[in-house]
Amino acid sequence: MEIQLKEGERLDELQRNGYRIIQNEKKFCFGMDAVLLSGFAQVKPGETVLDLGTGTGIIPILLEAKTEGEHFTGLEISPASVDMARRSVALNGLEDKIEIVHGDIREAGSLFKPASFDVITSNPPYMTGQHGLVNPDLDKAAARHELLCTLEDVVKAAAKLVRTGGRFYMVHRPFRLAEIIRTLSEYHLEPKRLRMVYPYVDREPNMVLIESVRGGRPRVTVEKPLIVYEKPGVYTQEILDVYGY
């Protein structure tokens, strides 16, 4: 199916099932964090998935390609991103498997039935208003800074919408790990798996991948580090595998 691209848009190959995605670099393009989250999240056959703050729909599209989940939903507040995501879904012929919903994470509890998803994912804004410069473009700024939702908003929505025993997967920054774990526990999402992502083997981690279970028992497994680069410009084999190269 051919889709008409709008000004500033481009088509990117996803290296999975021949899928492509529409992006606009003047707005916000997905990064490695979203791809790594799609590799970390576990979706079992027949399960339903909700991605909070889906942007241009990268995580639902990749999870549909990588797993045997039954249905995937993406929730996004930006009209421009919703439009691109919906056209990408149509471009890949996935209208029966993926739905993109326009809405606010803070109102997610009224958009979907409580405990109606087996799995929830999110690549939320990492920075509070006190962290770094805020981009003048609202879409770019909201993707990086907590302007339209906070960490607690995301966790609260996930806790309400995932079933008991269901799983919530998130990628975030290690410097907020204590706050993340505290917030997850407050909403009865028990951390079960944690993996740090390092740009190089001798550097500090710059991302953390977390799996939590609604109503789970206290016990967390810290997985081996995920190293991104062997040397400048050269991905490790594990990163190549995640990308599908």
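This is a predicted model: local features need pLDDT of at least 70, side-chain atom pairs count only at pLDDT 80 or more; totals for chains, interfaces and linings use all residues.

Biologist: What is the phi of Gln-15, which is not a glycine?

Modeller: Gln-15 has a positive phi of about 60°. Its relative accessibility is 41%, so Gln-15 counts as partly exposed. Ala-115, also not a glycine, has a positive phi of about 55°. Ala-115 belongs to the loop between helix H4 (108–111) and strand S6 (117–122), and with a relative accessible area of 43% Ala-115 is partly exposed.

Biologist: How should I read burial? Is Phe-168 buried or exposed?

Modeller: The general idea is a cut-off: buried means under 20% relative accessible area. Phe-168 has a relative accessible area of 1% and is therefore buried. This residue is part of strand S7 (residues 162–172).

Biologist: Which residues is Phe-168 in contact with, leaving aside its neighbours within four places in sequence?

Modeller: Among them are Ile-120, Val-154, Val-155, Ala-158, Leu-184, Leu-189 and Ile-210, and also Glu-211. As for spacing, Phe-168 and Tyr-187 are 19 residues apart along the chain, and 12 Å separates their C-alpha atoms.

Biologist: Let us turn to charges. How many salt bridges does the count come to?

Modeller: The general idea is that side chains of opposite charge can pair when their charged atoms come close. Here the count comes to 14 salt bridges. One of them joins the side chains of Glu-9 and Arg-87, at 2.5 Å from N to O. Glu-9 lies in strand S1 and Arg-87 in helix H3 (residues 79–91), so this pair ties together parts that are 78 residues apart in sequence. Glu-9 and Arg-87 are both buried.

Biologist: Which residue forms a salt bridge with Arg-10?

Modeller: The partner is Glu-25, with the closest N and O atoms 3.0 Å apart. This pair links distant parts of the chain, since Arg-10 is in strand S1 and Glu-25 is in the loop between S2 and helix H1 (32–40), 15 residues apart. Arg-10 is partly exposed at 32%, whereas Glu-25, at 53% relative accessibility, counts as exposed.

Biologist: What are the accessibilities of Glu-179 and Arg-176?

Modeller: These two residues form a salt bridge, their closest N and O atoms being 3.0 Å apart. Glu-179 counts as partly exposed at 28% relative accessibility, and Arg-176 counts as buried at 4%. Elsewhere, salt bridges that share partners join Lys-6, Glu-9, Asp-83 and Arg-87 into one network.

Biologist: How many aromatic pairs does the structure hold?

Modeller: The structure holds five aromatic pairs. Phe-40 and Tyr-169 form an edge-to-face pair, 6.0 Å centre to centre with 85° between the planes. Phe-40 is in helix H1 and Tyr-169 in strand S7, 129 residues apart, and the pair links these distant parts of the chain. Both Phe-40 and Tyr-169 are buried. By contrast, Tyr-229 and Tyr-235 form a stacked pair, 5.1 Å centre to centre with 25° between the planes. Tyr-229 is partly exposed at 25%, and Tyr-235 counts as partly exposed at 27%.

Biologist: Which residues do ring pairs link into a cluster?

Modeller: The cluster consists of Tyr-200, Tyr-229, Tyr-235 and Tyr-243.

Biologist: Where does the charged end of Arg-193 sit?

Modeller: The charged end of Arg-193 sits over the ring of Phe-40, 4.0 Å from the ring's centre.

How values were computed:
Residues are numbered from 1 along each chain as its sequence is written. Side-chain values use heavy atoms; hydrogens and water are left out. Buried means under 20% relative accessible area, exposed over 50%, partly exposed in between (1.4 Å probe, protein chains only). Helices (H or I, at least four residues) and strands (E, at least two) are DSSP runs, numbered from the N terminus. Contact means heavy atoms within 4.5 Å. A salt bridge is a side-chain nitrogen of Lys or Arg within 4 Å of a carboxyl oxygen of Asp or Glu. Rings of Phe, Tyr and Trp (its six-membered ring) pair if their centres lie within 6.5 Å; planes under 30 degrees apart count as stacked, over 60 as edge-to-face and the rest as tilted. A charge sits over a ring if NZ of Lys or CZ of Arg is within 6 Å of the ring centre and within 35 degrees of the ring normal.
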